[in-house]
Structure formats: C-alpha cells, structure tokens
Amino acid sequence: MIEVEHLSKRFGDLVVLKDINAVISKGEVVSVIGPSGTGKSTFLRCLNLLDRPSGGHIRVDGVDILDPKADVAQVRQKMNMVFQSFNLFAHLSVLENLTLAPIRLKGEKKAAAEARAMDLLRLVGLGEKAAAFPDELSGGQKQRVAIARCLAMEPEVILFDEPTSALDPTMVSEVLAVIRRLARDGMTMVIVTHEMDFARDVSNRVFYMDEGLIYEEGPPDQLFDDPRKEKTRAFINRTRSYRRHVGSPDYDLYAIHAEIDAFCEKHVLSARARYNLQLLTEELLQLHAPYLAGGGALDLTVAYSEKTGNVEIVFEADGDAGNPLEQTGQEDDLAAVMIRHASESVAYAVAGGRSRLEILVKAA
C-alpha cells in the first residue's frame with residue numbers, strides 16, 4: 001500500500017531523515033520506535049505531506065504523492081493522522097468534531113454523518129459523550145475521540161504519532177485498547193510509540209529508527225528478543241553505559257575508578273556491583289599491559305541494562321589483543337581466581353578485525 005524510496009528531509013542545514021526505504025502492506029501494523037530526535041515523527045509527517053520531503057518518493061496504491069499533480073487533499077483522506085496533542089476543536093461538541101470533515105470535505109448529509117459518528121463513538125466507548133465538549137473530557141477520552149474523528153473520514157491508513165505520550169499512565173490502556181481493536185479489524189497503521197510492550201503485542205513489524213534511518217526492522221519477536229545491531233540492543237534493553245578509551249600503559253586508574261563510582265551511583269547499582277566492576281577493570285587492564293605497551297589501545301565499556309538488571313564490562317581492541325585470561329599461566333593464578341570470583345560468565349571472540357572480551361559481572 002505504501003512504498004517509500006530514498007526519502008530525505010532537512011530543515012536548513014539540519015538533516016533529519018537521510019535515506020528512508022520501506023514498504024508497508026495493506027492490513028499491516030508497523031510500529032516505529034527509537035530514541036527521541038531520530039526523525040520518527042518527521043517520517044510520519046512526510047508520509048502525510050504535513051512536512052514536504054526534501055527528496056525521494058512516496059507511493060500510495062502506486063501513485064507518487066510527491067508528484068506536483070497529486071491531489072494532496074485526497075491523499076490525506078486516504079491516510080489520516082492522530083496526533084499526541086489531540087487537536088480537537090474546543091468550541092465544538094464531540095459529535096460536531098466527528099461530523100465536520102465528512103460534511104465539509106466529503107459532502108455527506110448531516111444525518112448520515114451523525115449516524116456514523118455515533119457508531120464510531122460507541123466503537124471507542126464514548127457514545128454517551130456525544131454532546132460533551134473537549135474540555136469536559138479526560139486526556140484518554142480526548143484521544144479516543146481523536147481516533148473516532150480520524151475513522152469518520154474512512155481512511156485506508158492511520159498514522160499515530162505517539163498517541164499516549166500526553167496521557168497519564170492510568171489513561172494509556174484505554175487508548176491502546178482501541179488501537180488493538182483496529183489492528184484486529186485489519187486497519188493499516190503506522191504507530192510511533194514509546195510503549196515497547198504494546199509495540200510488541202500489536203505489530204506485524206517494528207522499525208527501529210536511529211541517525212535519521214530505519215536502522216533495523218523485523219518481526220516483533222526477532223527485534224525485541226534478538227536484535228542484530230548494537231544500537232538496537234542498547235535501546236531495547238534500555239542500556240546505560242560508561243565508556244573510556246585507554247591508549248597507553250600509563251592510564252589513570254584512579255580517574256577510571258572514580259568514573260565507575262559515579263556511574264554506579266547514578267544508576268543505583270549495588271555495592272557488590274561497584275566493587276566487582278572496579279576489581280575487574282584493574283585486573284584486566286593489568287593483564288592487557290603487554291598489549292598496551294606494544295602500541296595497542298582498548299575501548300572499555302561498562303553497561304547496565306535497566307530491563308534485565310545485568311551489568312557487563314567489555315574490552316574491545318583492533319586486531320587480536322589475545323584473551324588475557326588464557327595468558328595468566330595457571331588456573332589458580334591470583335588474577336584469574338579474582339576475575340572468576342567477580343564474574344557470572346566470560347566470553348572472548350574476534351570478528352570483523354576486532355577482538356572483544358565480554359564479562360557479565362556479579363551484581364548481587
């Protein structure tokens with residue numbers, strides 16, 4: 001139904017979308033996730049031509065909507081949008097909010113438009129609010145009215161721009177329940193959301209956006225359980241990290257310990273996690289001393305997953321830095337014993353011209 005090729009968007013010198021390519025089929029529900037500021041909302045606004053793309057093509061049912069001859073009003077009737085801020089007309093009743101566009105834009109008779117509007121209000125559980133005004137509704141009710149108003153235009157596609165971000169947590173579920181019902185009924189939807197469990201539950205596919213690109217996409221189970229790319233994994237697991245480049249054997253261990261201290265305090269990690277991180281850092285840097293003395297450099301990362309509670313320490317280097325745990329000599333070597341005592345697991349691998357030593361730290 002929707003084909004996007006090499007879509008780009010810039011605002012002056014600021015490049016928001018770089019090279020977006022996507023195909024969305026009829027009846028498919030696609031959730032768009034990713035950090036703030038990565039172009040998710042701009043992507044939706046470009047699809048609906050609320051923001052004019054700087055380059056590329058968007059085809060809806062085979063028609064290039066960026067063609068100067070394209071009927072933009074007709075495009076927007078096919079592909080309607082629900083915003084996070086509701087955008088209801090405060091001076092109109094709920095029923096009037098729903099009937100205004102069908103009567104004025106589609107030429108529907110008032111009685112027919114009102115009858116359909118009442119059906120839609122019942123669909124979203126707000127039949128009794130037809131005569132109310134937006135100021136008399138809760139945030140969740142306003143958003144459900146906004147969805148019903150969108151449906152009143154009988155769109156083929158609905159674009160949702162963070163439909164729950166302006167709501168209190170107690171109101172989120174009522175809006176998500178309506179969207180789930182639309183998904184079951186086969187409505188084609190593209191949903192920008194920060195509700196990860198919802199995206200997993202309702203979607204056929206998930207787009208992870210970063211750096212102005214669709215950085216990774218796939219079925220929800222694959223993207224949430226086994227993301228292929230590092231930035232996706234960090235986002236899904238809500239990973240917080242501390243990084244330090246160690247480029248010589250004369251590194252400042254005291255500064256590194258202080259920075260790990262600050263990282264642990266910021267993320268409320270246990271005293272044991274803090275002690276083990278500092279111990280592992282010190283011992284592993286000492287074991288890497290010959291590599292550093294030979295001109296090598298290490299990238300040290302401490303990562304904490306808010307989702308799993310796991311704490312990891314990772315050493316990466318260009319080439320094969322060697323597994324220092326295999327170079328300690330004996331199994332009962334003091335350094336090896338201390339590292340095993342502070343670790344849940346240890347993995348070493350060389351791939352893509354870089355070596356990686358990854359240790360899951362005992363944190364409890």
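Predicted model: local features only at pLDDT ≥ 70, side-chain atom pairs only at ≥ 80, totals over all residues.

Me: Let's start with helices 3 and 5. Why are helix 3 and helix 5 called roughly parallel to each other?

Reply: Helix 3 covers residues 94-106, helix 5 covers residues 139-151, and they pack at an angle of about 25°. Angles under 35 degrees count as roughly parallel, so helix 3 and helix 5 get that label. Their axes lie 8 Å apart, and the crossing of helix 3 past helix 5 is right-handed.

Me: Which residues make the contact between helix 3 and helix 5?

Reply: Helix 3 brings Val94, Asn97 and Leu98, while helix 5 brings Val145, Ala148 and Arg149. Sorted by type, the residues of this contact are four nonpolar, one polar and one charged.

Me: How do you know that the length of helix 11 agrees with its number of residues?

Reply: Helix 11 runs over residues 271-287, which is 17 residues, and at 1.5 Å a residue it should span 24 Å. Its end C-alpha atoms are 24 Å apart, so the two agree. Helix 11 also has a set of buried residues, including Ala273, Asn276, Gln278, Glu283 and Leu287.

Me: What makes His6 partly exposed?

Reply: His6, which sits in strand 1 (residues 2-11), has a relative accessible area of 48%. Buried means under 20% and exposed means over 50%, with partly exposed in between, so at 48% His6 is partly exposed. Beyond its neighbours within four places in sequence, His6 touches Asp19, Ile20, Asn21, Gly55 and Gly56. As for Leu17, it is 11 residues from His6 in sequence and 9.4 Å away in space, C-alpha to C-alpha.

Me: What about Phe86: why does it count as buried?

Reply: Its relative accessibility is 14%, and buried means under 20%, so Phe86 counts as buried. You'll find Phe86 in the loop between strand 6 (79-82) and helix 3.

Me: Where is Glu154, and why is Glu154 called partly exposed?

Reply: Glu154 is in the loop between helix 5 and strand 7 (157-161). Its relative accessibility is 46%, which falls between the 20% and 50% cut-offs, so Glu154 is partly exposed.

Conventions
Residues numbered from 1 in each chain as written. Heavy atoms only, no water. Helix = DSSP H or I, 4+ residues; strand = E, 2+ residues; numbered from the N terminus. Expected span 1.5 Å × (residues − 1). Buried < 20%, exposed > 50% of the residue type's maximum accessible area, 1.4 Å probe, protein only. Axes fitted to C-alpha atoms, helices over the stretch in contact; angles between N-to-C directions. Parallel < 35°, antiparallel > 145°, perpendicular 65-115°, else oblique. Left-handed = near helix turned anticlockwise from the far one by under 90°. Contact = heavy atoms within 4.5 Å. Nonpolar A, V, L, I, M, F, W, Y, C, P; charged D, E, K, R; others polar.
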